[in-house]
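The sequence and structure come first.

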Amino acid sequence: MAEPNNTPWPPSTPVPGSTPRSQSPAPPVPSLTPNATMTTIPLRSSPMVSNTSPSRPIVLHIGDPIKYNPKTYAEFSSAFEVVRPSTAERERSEFIVALKERRWGNFSAIFRPFWGTGGEMGRWDAELIDLLPDSVKVFASAGAGFDWADTKLLGEKGIIYCNSGLAAAEAVADFAVVMVISTFRYLPWCMNAATLPSLTSSTPDTPATASKAFQTCHAQATAVSHNPRGHVLGLIGFGNIGQQIAAKLGPGVFGMAIAYHDVIRKPAATEQQLHATFHATLDGLLQASDCVVLCTPASADGKPLITAAALRRMRPGTRFVNIARGSLVDEDALADALEQGIVGAAALDVHADEPRVNRRLIAMAGLDAGSGSGAQPGRVMLTCHNAGGTVETHIGFEELSMRNIMAVLKGGDAITPVNLHFLPSRT
Ligand SMILES: O=CC(=O)O
């Protein structure tokens, strides 16, 4: 459940021209800026690589060429033979054929610097992992989440998987702040009521209807909205993302009291710095929180953590935010809990069956949702898995993935490994 590490990144001095660091007591924030103007580096596309020992270790680069960090890439590509399969070769059936025929030689690392591309072969399960040459030592990827790869199996084969959560943490935490505020202030209600005519273009609203929606929201949303200050923010998961959310919403800034649950209790210094209270059990955290935020990796078995039973542990009217993974939530149980008032408002950036969004939750995002039920309209904010998506995140994904591979292949320690506990030498 824990986000795997809190490694300061980058380890040395900030990149010149980087964004100023926050003055708040946040944990180390990645300072990741492009090391030159944005550019797309043309790479050789998947030449057949000889199986005899290459002079430099081979890196299998899946997805688009790198765009943002040409200086680091110059270092990377002079140290390694970078081979990049074409889009067609990345489709699962062709990828499997290529792995079987060792088309890319005995590569030492797998490099996926982007979210949007490089996932064409689908889940990295036993079917793919068993075909990897024994030479592979490290798989470094974009993305905080890693539910698309069986990191246990990779670890058992001696392959270190490195995620890039550190590069996405700030963006995800910023988005979580908006979502937490939305649950206190009913932002979907406020926004939908202001834009009503454009939402119903097939049967345009009369100015009178639109102005009624505006006036109702103006008069009534105020009566149910609250300031977050003084409420308890319950974080499920207290890795880089959870800690940055705590730094942004905690006593120094928004004034929330911070509580957390994690499988690994954080050091006393971290708890003190972030004014965070540890709860040893999930139930304990749920019972103590006014707003619960999920910021933990997907369960290894894909099962939800927020089930009907967990929802029953929450205080009546608790607010709920998910910026982690949709599979962690039983969405129908959440819709039931919203209908029953156990959950007062919710904000979900991630969904169990993306790109589909639960219809009952969509209905509760709209203005009609409140009519007759006594519940507020627009009490569910729904977004399209956007939380981590900023240019700065992408810059960081590229940079961190390259740095992880350079560290491991040069004999050092990975910066952001997530599966060391599965490696044979460590068990
Ligand atoms: O969901 C986003 C990520 O895994 O980085």
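In the side chain of Arg325, an N or O atom is 2.8 Å from an oxygen atom of the ligand. The model is predicted, and the distances below are computed from it.

| Residue | Part of the residue | Distance to a ligand oxygen atom |
|---|---|---|
| Arg325 | side chain, N or O atom | 2.8 Å |

The surroundings of the ligand are made up of Trp115, Gly143, Ala144, Gly145, Arg325, His385 and Phe397.

Residues 218-364 carry the UniProt annotation "domain: D-isomer specific 2-hydroxyacid dehydrogenase NAD-binding", which comes from an unreviewed entry.

Next comes the helix pair. The axes of helix H6 (residues 165-185) and helix H7 (residues 187-194) are 6 Å apart, and the two helices pack at an angle of about 80°. Angles of 65 to 115 degrees count as roughly perpendicular, so H6 is roughly perpendicular to H7. On the H6 side the contact is made by Val178, Ser182 and Arg185, which meet Leu187, Pro188 and Cys190 of H7. By class, the residues of this contact are 4 nonpolar, 1 polar and 1 charged.

Two backbone features lie in loops. The peptide bond between Glu354 and Pro355 is cis, with omega about 10°. Pro355 sits in the loop that runs between strand E11 (343-348) and helix H15 (359-365). Arg102, a residue other than glycine, has a positive phi, near 55°. The loop holding Arg102 lies between helix H3 (92-100) and strand E3 (109-112).

Conventions:
Residues numbered from 1 in each chain as written. Predicted model: local features only at pLDDT ≥ 70, side-chain atom pairs only at ≥ 80, totals over all residues. Heavy atoms only, no water. Axes fitted to C-alpha atoms, helices over the stretch in contact; angles between N-to-C directions. Helix = DSSP H or I, 4+ residues; strand = E, 2+ residues; numbered from the N terminus. Parallel < 35°, antiparallel > 145°, perpendicular 65-115°, else oblique. Contact = heavy atoms within 4.5 Å. Nonpolar A, V, L, I, M, F, W, Y, C, P; charged D, E, K, R; others polar. UniProt positions renumbered as here; feature names shortened; annotations may be inferred. Near = heavy atom within 4 Å. Polar contact = N/O pair within 3.5 Å; in protein donor to acceptor, adjacent residues only side chain to side chain.
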